[in-house]
Amino acid sequence: MTPRDEARDAARRHLNEDPTLSLGDLAARMGMARATLHRHFSTREALLTEIGRASLDSWEASQQRCEQQAAIDSGDPARLRACVEAHLRDCVVDAEEFGFALTDHFLSHSAELVERAAGLERLDVALYAAAQQAGVLRRDLPPAWLSHAVWGLMLGSRNALRAGDVARRPLEDIVVSTFLDGVSAR
């Protein structure tokens, strides 16, 4: 990992705790001079863009790990369910690591990041649609809604961890169960 990557990741952790921090405040919390942080990122926007890219890289890596496109193409219910579950578990980790990127106003207005996120979301929506066709997920909901529901679960995960309402260890199981089984009494 390069010093720039280390600075980005440290800044991300601090922004997850306090999203209002300036570059100067970030540098102080990171134990470095502001000029050192500025050598890596000339502006706060440049830093935020790098955090956004890293978040999208992680999302894409999750899609690749569960071989999302191959699962979609297979139409196999077991493979699709396993892919959905693995992807949800990765999303929980990402929500914890990149919680700041889920809600930062700047990131939702960067054309580069928005365009790339839209492509990744299209693949997720295709996964949910294929899982619906295979009988893994309910067919009465729009697949795009399922993608939004996952995003909502990620925000809830991040907030629940921050508030101490859930322990980290069972959170992945809680999210998978909530998404795949719902919350209605059986």
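1. A quick word on handedness before you start: a crossing counts as left-handed if the near helix is turned anticlockwise from the far one by less than a right angle, and as right-handed if clockwise. By that rule, H9 and H10 make a right-handed crossing. Helices here are DSSP runs (H or I, at least four residues; strands are E, at least two), numbered from the N terminus.

2. Keep in mind that this is a predicted model, where local features need pLDDT of at least 70 and side-chain atom pairs count only at pLDDT 80 or more, while totals for chains, interfaces and linings use all residues. Residues are numbered from 1 along each chain as its sequence is written, and side-chain values use heavy atoms, with hydrogens and water left out.

3. Start with H9 (residues 143-163) and H10 (residues 168-181), whose axes come within 11 Å and cross at roughly 155 degrees. That makes H9 roughly antiparallel to H10. (Axes are lines fitted to C-alpha atoms, for helices over the stretch in contact, and angles run from 0 to 180 degrees between N-to-C directions; under 35 degrees is roughly parallel, over 145 roughly antiparallel, 65 to 115 roughly perpendicular and the rest oblique.)

4. Who touches whom in the H9 and H10 pair? From H9 come Leu146, Val150, Leu153, Met154, Ser157 and Leu161, and from H10 come Arg168, Leu171, Val175, Thr178 and Phe179, with contact meaning heavy atoms within 4.5 Å. Sorted by class, that is 8 nonpolar, 2 polar and 1 charged residues. (Ala, Val, Leu, Ile, Met, Phe, Trp, Tyr, Cys and Pro count as nonpolar, Asp, Glu, Lys and Arg as charged, and the others, Gly among them, as polar.)

5. H9 also packs against H6, at an angle of about 50 degrees with the axes 9 Å apart. That makes H6 oblique to H9, and the crossing is right-handed. Leu88, Cys91, Val92, Ala95 and Glu96 of H6 meet Val150, Met154, Ser157, Arg158 and Leu161 of H9.

6. Next, look at H4 and H8, with axes that come within 10 Å and cross at roughly 15 degrees. These two are therefore roughly parallel to each other, and their crossing is left-handed. Among the H4 residues in contact are Arg53, Asp57 and Glu60, and those of H8 include Glu112, Arg116 and Asp124. By class, this contact has 6 nonpolar, 3 polar and 7 charged residues.

7. Now the largest pocket, at about 770 Å³. Its lining has 27 residues, and Trp59, Ala101, Leu102, Ala117 and Trp151 lie nearest its centre. H4 (44-65), H6 (77-97), H7 (99-103), H8 (111-133) and H9 each supply at least two lining residues, and H8 gives the most, with 7. By class the lining has 16 nonpolar, 7 polar and 4 charged residues.

8. A pocket, on a 1 Å grid over the protein atoms alone, is an open set of points where a 1.4 Å probe fits, with protein on both sides within 12 Å along at least five of seven lines; lining residues have an atom within 4 Å of a point. A volume is the space filled by probe spheres set on the points.

9. Which residues lie nearest the centre of the second largest pocket? They are Arg138, Leu141, Leu146, Phe179 and Gly182, out of 13 lining residues. H9 and H10 are the elements giving two or more, and H10 gives the most, with 4. The volume is about 280 Å³, and the lining has 8 nonpolar, 2 polar and 3 charged residues.
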